[in-house]
Amino acid sequence: MEEIGSEKITAGGMMVSSVIFFPRLKPWAIGLKPWAPEQKPYLFGSAFILMLFLSSVSMAQTDTTITEEEDFSMYENLYFADAGAKRFCTPKVFDLSPAKLISFGYDHQGAFGIDYDTLGAVSSGHGHFNSASGLRLGANIPVISKTNIVWQLGVNYVRTSFDGRGTTAINVLDSTLRNNGLTTAGLNTTIFKPLGEENFIIAQGAADLSGDYHFDNFTPLKYMRYSAAIIFGKKKSDRKMIGFGLSRTYRAGDLNYIPVILLNWTAPSRKWGVEMLAPARVHIRKTLSARNILLFGYELEGNSYRVLRGEATNPLGYELRRSELRFRAVWETSMYQFIWMSLQAGYRYGYSFNMDSFAPSDKEFFRGFLGDQPFAQENEFKGTWYAQLSVNLVSP
Amino acid sequence: MKSLLLICAIFFSATLGIAQNTESDRLLGVWEPSNGKARVKIEKIGDKYYGKIVWLREPNDPNTGQPKVDKNNADATQRTVPLKGYRLLKDFKYLGKDQWDSGTIYDPENGSTYKCIIKMTDNNTLDIRGYIGVEALGRTDVWKRLEVKK
């Protein structure tokens, strides 16, 4: 903290000169000789103008704040100068893990297998992979960041390359995983709208284009999949915000409409907390310091990928409903000022790797947890360990 | 006659200076950030503006019962400095057009210091934008002027 020492603090620096120096003002102090009858009379007029000027400085620099520096009690009973001003809650609670403005990451899964079901005339089989890994890039830039609204826009890119064991692919899906991998590129937006000091609304939307495409062989934009969520919440204190809402999501692989629960909570000790947007992610937070955080919990990741377009048996391709439940420990730490590293490791459970065929309508449909529409191919996605490292520029 | 002209010139230039000061000094006063957790008094030292915490909604650390200190400061020697009285806005200069820049803002919640620009949207409202490197990578908080009830 900077010490000002004996430096005088005022509402305006000019006040010092007017109050302290004006009573001592002598003509010679400003380069004039003492007035004498033989001097020209305009010098007196000039001195008068200067006196007027200096006194005007004194009047103009009145400090409307309280000048007693150390008596902080005088700042307790203050009110908004603008009678119509309102207080709004913010989207943060104490010690929440930092929001990432820009993120560069790499994800690596260990060896695993996939039990493929039959797909039409294609026989079943077991695929082996040494690993699945790829880049994860993201950016979330605040477009509007005001007291009464926060609006953020983001882009993301997630690549998964599958390293197949052996040289022979089991079937067409196995082949495209080995040769093309899976890619997701998307846009997202989040709006935080406080309704007052306690209540707020969070609205989120995302558009993701997922598939076995490369940028030189792009999947048509009509296969973009849209997710959204709306949450109504209450920030009860600087340590607790809760909310309930509804989401349209592909995190379980296929399209679902599910309720969501938001809870961001920090214990009075500020050593522990909870960061939860269930069922997408739930974490218990251990705060080692403001720049060192541990998280323990899970995240449900998923998307619907348009794969195998142009196949002779189904030119429209299929929708691969991929969903992973990642149980993990995360260490987030500040490497240098606003540049944070996030290192996570854990077990990746394969929740879904089934495929749907949309032929001939080529339209998305809602199955949910209770729907009985059959999958075109039911696969078993075996679990494995995984690790992820990212370097992030975090938000103020 | 030359002396009179010189004095008049000084007078007019000084008057312009006062007008400039009066405009820039509108920043002075006590302000409340949007979270309402603190109140900050902005003062002038020389030709620069500084803001210090003069009130905290939660003045004591719930763990120790003692007044809150700057425990998240990266500099370990500063971690016992009380937050009340802490100067978190520093070195702002008036840019003109209701903007003050070249300053920094310190966030005691995470011990980070950000570049900052202050824009006065009306006489009782400040947009305080803390940012990293470029203004686009930042967050704006709206501060409201406080005063003693009339």
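Contact here means heavy atoms within 4.5 Å. The views below show a predicted model, in which local features need pLDDT of at least 70, side-chain atom pairs count only at pLDDT 80 or more, and totals for chains, interfaces and linings use all residues. Residues are numbered from 1 along each chain as its sequence is written, chains are lettered from A and ligands numbered from 1 in the order in which they are written, and side-chain values use heavy atoms, with hydrogens and water left out.

**View 1. A:Glu378 in a loop of chain A.** The loop runs between β15 (339–357) and β16 (380–381). Strands are DSSP runs of E, at least two residues, and helices are runs of H or I, at least four; both are numbered from the N terminus. A:Glu378 touches A:Asp115, A:Asp117 and A:Asn354, leaving aside its neighbours within four places in sequence. A:Glu378 counts as partly exposed because its relative accessibility is 48%. The classes are buried, under 20% relative accessible area; exposed, over 50%; and partly exposed in between (1.4 Å probe, protein chains only).

**View 2. A:Glu319 in strand β14 of chain A.** The strand covers residues 318–336. A:Glu319 is buried, at 1% relative accessibility. Its side chain makes polar contacts with two others: the side chain of A:Arg225 at 3.0 Å, and the side chain of A:Ser304 at 2.3 Å. A polar contact is a pair of N or O atoms within 3.5 Å; within protein, one must be able to donate a hydrogen and the other to accept it, and residues adjacent in sequence count only if both atoms are side-chain atoms. Not counting residues up to four places away in sequence, A:Glu319 also touches other residues, including A:Tyr305, A:Arg306, A:Asn354 and A:Phe358.

**View 3. The partners of β14(A).** This strand is mostly covered, with 14 of its 19 residues buried. β14(A) pairs with β13 (residues 292–307) of chain A in the antiparallel sense, over 16 bridges. Two strands pair if DSSP finds at least two bridges between them. A:Thr333 in β14(A) stands opposite A:Asn292. β14(A) also pairs with β15(A), again antiparallel, over 18 bridges. There, A:Glu324 has A:Gly350 as its bridge partner. The hairpin of β14(A) and β15(A) has two residues between the strands, and A:Gln337 takes a positive phi near 50°.

**View 4. Aromatic rings in chain A.** Over all chains, the structure holds 17 aromatic pairs. One of them joins A:Phe112 and A:Phe129, which are stacked at 5.4 Å centre to centre with 20° between the planes. Rings of Phe, Tyr and Trp (its six-membered ring) pair if their centres lie within 6.5 Å; planes under 30 degrees apart count as stacked, over 60 as edge-to-face and the rest as tilted. A:Phe112 lies in β3 (residues 112–116) of chain A and A:Phe129 in β4 (residues 125–145) of chain A, so the pair ties together parts 17 residues apart in sequence. A:Phe112 is buried at 5% relative accessible area, and A:Phe129 is buried at 0%. Ring pairs link both to A:Phe162, A:Phe353 and A:Phe381 in a cluster.

**View 5. Charges over rings in chain A.** The charged end of A:Arg348 sits over the ring of A:Phe381, 4.0 Å from its centre. That of A:Arg367 sits over the ring of A:Phe375, 3.7 Å from its centre. A charge sits over a ring if NZ of Lys or CZ of Arg is within 6 Å of the ring centre and within 35 degrees of the ring normal.

**View 6. Strand β3 of chain B.** Eight of the nine residues of this strand (residues 48–56) are buried, so the rest of the structure largely encloses it. β3(B) pairs with β2 (residues 38–45) of chain B in the antiparallel sense, over eight bridges. B:Lys52 in β3(B) stands opposite B:Lys41. The hairpin of β2(B) and β3(B) has two residues between the strands, and B:Gly46 in the turn has a positive phi of about 65°. Three bridges join β3(B) to β4 (residues 87–96) of chain B, and these two strands run antiparallel. In β4(B), B:Arg87 is the bridge partner of B:Lys52.
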